[in-house]
Amino acid sequence: MHMHHESDAGAANPITFDDFLRVDIRIGTIVEAEPFPEARKPAFKLKIDFGPAIGVKKSSAQIVDRYPLEDLAGRQVAAVVNFPPRQIGKFMSEVLTLGFADAEGAVILFAPDKEVPNGSRLF
């Protein structure tokens, strides 16, 4: 699923500003996190509140290496909210939670450094 996440990889091909605007990246707050033992790669099931216009959406996130399950509720995260849902085992992931690979390749969540309203869009 991931393309190149090595820090020394070159930039992707240029896109237009209209291409960028087609990717709808929003902030939401994790309201529930639970184990996902059936996943092929270690992951958690998340429910993320994106505010009244989008609502609560589900996501599978491969973040078990750096985040204890009990620390996730209440944390704000960024996600792509306009990809089609994706079936992951018996779980339907509705949004793509965003992160960056650290030096060991584990996912670090992408989030604002100050709280913003749920549903805020990246621009």
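In this predicted model, five strands form an open sheet in the order 3-2-1-4-7, and their pairing is antiparallel. At the edges stand strand 3 (56-61) and strand 7 (96-97), each of which pairs on one side only.

Strand 1 and strand 2 (residues 44-49) are joined in the antiparallel sense over six bridges. Within this pairing, alanine 33 stands opposite leucine 46 of strand 2. Strand 1 (residues 25-35) also pairs with strand 4 (residues 76-80), again in the antiparallel sense, over five bridges. Here threonine 29 has glutamine 76 of strand 4 as its bridge partner. As a general point, side chains in a regular strand alternate between the two faces of the sheet.

The aromatic rings may be considered next. The structure contains three aromatic pairs. One of them is formed by phenylalanine 100 and phenylalanine 110, whose rings are edge-to-face, at 5.4 Å centre to centre and with 85° between the planes. This pair links distant parts of the chain: phenylalanine 100 belongs to strand 8 (residues 99-101), while phenylalanine 110 lies in the segment after strand 9 (107-109), 10 residues apart. The arrangement is called edge-to-face because planes over 60 degrees apart receive that description, and the angle here is 85°.

How exposed are the two partners? Phenylalanine 100 has a relative accessible area of 53%, and it counts as exposed because the cut-off for that class is over 50%. Phenylalanine 110, with a relative accessible area of 32%, is partly exposed.

Conventions. Residues are numbered from 1 along each chain as its sequence is written. This is a predicted model: local features need pLDDT of at least 70, side-chain atom pairs count only at pLDDT 80 or more; totals for chains, interfaces and linings use all residues. Side-chain values use heavy atoms; hydrogens and water are left out. Two strands pair if DSSP finds at least two bridges between them. Helices (H or I, at least four residues) and strands (E, at least two) are DSSP runs, numbered from the N terminus. Rings of Phe, Tyr and Trp (its six-membered ring) pair if their centres lie within 6.5 Å; planes under 30 degrees apart count as stacked, over 60 as edge-to-face and the rest as tilted. Buried means under 20% relative accessible area, exposed over 50%, partly exposed in between (1.4 Å probe, protein chains only).
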